[in-house]
Amino acid sequence: MPSTTEHLVSPKKQQASEQQPNMEALDINVDFNNEKNVLCEKIIRDINAVFLKDADLSSFEIIQKETNCNKSPVVHVEHNLGLESWCAQHVYDHAHRTLISHRRQSLQQQMRTLQQQQQSDALAKYLNVALLINPDVTTFWHIRRQLVQKNRLSINKELQFSALVLSIKPKSNEAFAYRRWLYSFQSADAIDWPNEISICERSADRCACNYHAWSHRQWVLQNAPCLLQSELMRTEKFIRKHISDYSSYHYRQVVLSRAYELCFYMPSSGQTDDQTQLDDLRELFAHYDLRWSELSDEEAMVQLLLPDLNRSSISAQRLRSFLYCCNIAAHDMRLCVEQRALYGPRDCFELHRRASLKFIVEQCVRLMTGLANGVYLPQASATQSLEFQSQLRKFDYASHPFLSAVRRVESELGDKHQRWCNLHLHFGYEERRV
Amino acid sequence: MDFTTFVKPNGNGSELDNGAGGDASSQELQFWKHVAYIENHGKQEDDYEYCMTEFLRMSGIYWGVTALDIMGQLDRLERKYIIEFVKRCQCPTTGGFAPCEGHDPHMLYTLSAVQILCTYDALDEIDCEAVVRFIVGLQQPDGSFFGDKWGEVDTRFSFCAVATLSLLKRMEQTIDVEKAVKFVMSCCNQTDGGFGSKPGAESHAGLIFCCVGFLSMTHRLHLLDVDKLGWWLCERQLPSGGLNGRPEKLPDVCYSWWVLSSLTIMGRLHWISSEKLQQFILSCQDTETGGFSDRTGNMPDIFHTHFGIGGLSLLGHARLKPINPTLCMPQHVIDRLGLQPQILERP
């Protein structure tokens, strides 16, 4: 066991061989006398050949195979690339050494390498392999960024490569961050946003509670609000299928907030009128023991939710969006109850039902207290949210027919739920001492 | 991670281990085995893990150094070699620190490097002004921080920035603290009082630690909704006693740190069952090799070992020195530096 610091920080051996044939056109010393290195070079070349041959490579995986069977460990089947596990660590080690040697050259020398096509191609070949095996190495992604800046790698190819990395590591924040960086060179209307959503969804589907995939999806939504409607549909499908993936419920809450913020609603399709469109809200009223007959039309619903509202202060569009978004929240509340009946109690059902309830109650209070302007998003500034909290604390629920019904019926859901309602909605239930 | 090179010759403390096996011992801290585990970490030079984790080596050293100091065993590592290594990782152009030579400087490793040097009382070994310039240069007009020049934003980097500057005692008159606070608060979710990595991102215990720690260092804890956030954090405790980092996830030893330190800073440590959590953390020890894993029965690693020891220290374990909840460093180091991150009193 060596007891100096040298192997901790710099593998000295990689610098040992000075006079080697420059076979790979990269001014880095690779020891070709070493059998293992020759083998690694060959495997990396084989992988590169697949990259060159197949422009539609869509997935990469490490195939579990412990021994070398004397045939190429690189498998290429129908746009899928595989590498047998026995060689992965050797190949990574080799690519890693080569790349780090490049980084330890002088800055001028590094620049020369980046600028020359042949050398940068060679660099890219090692980067591909290294990042497919170990996608967490930020520095390697940075070298790709440098190559993009020098026009040595194309943006489209890089989008494809990062998608390939996501096929093996759906949680790779480096890959998502790289995609955002690449898109910064393109104009928003030239970007295929639905495809970006598909990549997020595939990553989220393969890896539960995939934080980075859902954050990236929020970034997409921020840039492409035209996706609101389809996102409302897709997220419902997703939460029905992945019942315990809270990240997807949270994202749906964000979509709803964003829809409300942007005054979004779906225009009614003529013959159905508002009757079926706001059905979930009607059912919610029924759940809270509020009489049906008065609620036949939209106007009556507004009257119930926002009695004595000063209409001149609120646009028709805002009101329609309010009804539309509350209807979605009501829909989700019922969905959570149904799912609970089907699958048994789960945190997700409880948390998402509460978030939906909170949405309805808070938006009612906001509009009633005239605090609506600019405070639609949950991420209001600290002062705005403090101001809203004090309004909520002061709000007279008893005088509000809908909210007093909500408060009455929700109290039936137990002590803990009551405490939650007191904390978040200031319902003022009497707390029992535990 | 490789600590072999930092270990002094004859440094073998395992003879003091009582050596008891079986269920009873798993509930006792395997003190000397953990010391040996950290000392021996990454011993095989051509260890694949060693090569795969090179990109976070600086943080790995910080985890090992901190855990050993908390155990009162820091002198098992060779101070001189570690400081030399850290010095070699400072980027002469930007002033930031890379995780290892050949890699790029980044906010994350800059904090780890400064934490290591503070623990060794060796800040005078590096160019601190260059570090300050690196961090100041990464603040954005909205108050957020990039992790490096390539522009990724995350509340983790806000934490790293103020933690590093606090340790260097340069937080005033360098960055725009007001704006930095505003950005962090814009990442607070009104639905649960928690924080995510960016505005709108899901609440996450690790990022809550970063934001609560950030507010502790900038003395802005009054901005927290302690009751809502405390509720969410308490819900992280599962029947096993362990804590998860988000709803419906499995418990994990590293969250014992992130949740626990946040509750400690908020003066609400008593809101969870310390006893059950301690049992869970101790059940994640590897009683053969030493070290802690994420969950009972898994393979140990240096990251979870650090957070396991840190969590036990916060819970007041008798054999461990106190740890500072905000900076995740030995309290005696924070005292020596004269730093006083804000902590709320238990009501």
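The structure is a predicted model, in which local features need pLDDT of at least 70 and side-chain atom pairs count only at pLDDT 80 or more, while totals for chains, interfaces and linings use all residues. Residues are numbered from 1 along each chain as its sequence is written, chains are lettered from A and ligands numbered from 1 in the order in which they are written, and side-chain values use heavy atoms, with hydrogens and water left out.

Chain A contains 20 helices and 3 strands. Helices (H or I, at least four residues) and strands (E, at least two) are DSSP runs, numbered from the N terminus. Of the 434 residues in chain A, 55% are buried. Here, buried means under 20% relative accessible area, exposed means over 50%, and partly exposed lies in between, as computed with a 1.4 Å probe on protein chains only. A contact is defined by heavy atoms within 4.5 Å. Among the contacts in chain A with a separation of 6 or more, 63% join residues 24 or more positions apart.

The interface between the two chains was examined next. In total, 56 residues of chain A are in contact with 47 residues of chain B. The area buried between chain A and chain B is about 5100 Å², and carbon and sulfur atoms give 56% of this area. Buried area is the accessible area (1.4 Å probe) that two parts lose on being put together, summed over both. Between chain A and chain B there are 23 residue pairs in polar contact, both residues being at pLDDT 80 or more. A polar contact is a pair of N or O atoms within 3.5 Å; within protein, one must be able to donate a hydrogen and the other to accept it, and residues adjacent in sequence count only if both atoms are side-chain atoms. Helix H3 (residues 85-103) of chain A supplies the largest share of the side of chain A that touches chain B, namely 7 residues. By class, this side of chain A has 21 nonpolar, 22 polar and 13 charged residues. Ala, Val, Leu, Ile, Met, Phe, Trp, Tyr, Cys and Pro count as nonpolar, Asp, Glu, Lys and Arg as charged, and the others, Gly among them, as polar.

Salt bridges were located both across the interface and within chain A. A salt bridge is a side-chain nitrogen of Lys or Arg within 4 Å of a carboxyl oxygen of Asp or Glu. The whole structure has 39 salt bridges over all chains, and the count between chain A and chain B is 5. One of the pairs joins B:Glu101 to A:Arg104, at 3.3 Å from N to O. B:Glu235 and A:Lys416 also meet in a salt bridge, with an N to O distance of 2.5 Å. This pair crosses from the loop between helix H11 (226-234) and helix H12 (253-265) of chain B, where B:Glu235 lies, to helix H20 (residues 415-425) of chain A, which holds A:Lys416. B:Glu235 is partly exposed at 24% relative accessible area, and A:Lys416 is partly exposed at 36%.

Within chain A, A:Arg258 forms a salt bridge with A:Glu261, the closest N and O atoms being 2.7 Å apart. Both residues lie in helix H12 of chain A, 3 residues apart, about one turn of the helix. A:Arg258 is buried, at 10% relative accessible area, whereas A:Glu261 is partly exposed, at 29%. Helix H12 (residues 246-261) also holds A:Arg252, which is buried with a relative accessible area of 3%. Not counting residues up to four places away in sequence, A:Arg252 touches several residues, including A:Glu236, A:His331 and A:Asp332.

For A:Cys69, the nearest cysteine sulfur, that of A:Cys87, is 11 Å away. The sulfur of B:Cys234 is too far for a bond, because the closest cysteine sulfur, in B:Cys188, is 16 Å from it. A:Asp308, although not a glycine, has a positive phi of about 55°. A:Asp308 lies in the loop between helix H15 (298-305) and helix H16 (316-343) of chain A, and is exposed at 73% relative accessible area.

Terms used: A disulfide is a pair of cysteine sulfur atoms within 2.5 Å.
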